Amino acid sequence: MSKNWVLLIIAGLFEVCWSVGLKYTDGFTRLRPTIFTITTLCISMFLLAKASQGLPIGTAYGVWVGIGATGAALLGILLFDEPASPARLGFLALLLFSIIGLKLTSH
């Protein structure tokens, strides 16, 4: 796996951090969660920008969003008692297959 892919995966994990962090900011009224959210957002964007220097932007952005959406949805289920219906889990699986497909078809 290339350095750009590693950076992209890390960027996606930081996207999960900031998207879930939004829930804890209480509308940006709580200082520590707000600092965490803004910091992880900046790190995520920086790493996405670095990764996209060596990857097609459509692939990089799609994978970044997919990791973030999947991670946020799974953590929503685990941390916030969001629904985990079979249909929802099935669509998350489709999202993961899409991420893998983008990886396999990029040069």
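The largest nonpolar core here has 16 residues, and the ones with the most contacts inside it are Leu-8, Leu-48, Leu-55, Val-63 and Trp-64. Helices H1 (3-25), H2 (31-51) and H3 (57-80) are the elements that give two or more residues to this core, with H1 giving the most, at seven residues. Keep in mind that this is a predicted model.

**Around Leu-48**
- Setting aside residues up to four places away in sequence, Leu-48 touches Leu-8, Ala-11, Ala-60, Tyr-61 and Trp-64.
- Two of those partners, Leu-8 and Trp-64, are also on the list of residues with the most contacts inside the core.

**Helix H3**
- H3 runs for 24 residues and reaches 32 Å from its first C-alpha to its last, close to the 34 Å expected at 1.5 Å a residue.
- Its buried residues include Thr-59, Ala-60, Val-63, Trp-64, Ile-67 and Thr-70.
- Glycines turn up among the buried residues of H3 too, namely Gly-66, Gly-68, Gly-71 and Gly-76.
- The cover over the buried residues of H3 includes H1, H2 and helix H4 (86-105).
- Just past the end of H3, Asp-81 takes a positive phi of about 55°.

**The salt bridge**
- Searching the whole structure turns up one salt bridge.
- That salt bridge joins the side chains of Arg-88 and Glu-82, at 3.5 Å from N to O.

Definitions and conventions: Residues are numbered from 1 along each chain as its sequence is written. This is a predicted model: local features need pLDDT of at least 70, side-chain atom pairs count only at pLDDT 80 or more; totals for chains, interfaces and linings use all residues. Side-chain values use heavy atoms; hydrogens and water are left out. A salt bridge is a side-chain nitrogen of Lys or Arg within 4 Å of a carboxyl oxygen of Asp or Glu. A nonpolar core is a set of buried Ala, Val, Leu, Ile, Met, Phe, Trp, Tyr and Cys residues joined through side-chain atoms within 4.5 Å. Buried means under 20% relative accessible area, exposed over 50%, partly exposed in between (1.4 Å probe, protein chains only). Helices (H or I, at least four residues) and strands (E, at least two) are DSSP runs, numbered from the N terminus. Contact means heavy atoms within 4.5 Å. The expected span of a helix is 1.5 Å times one less than its number of residues.
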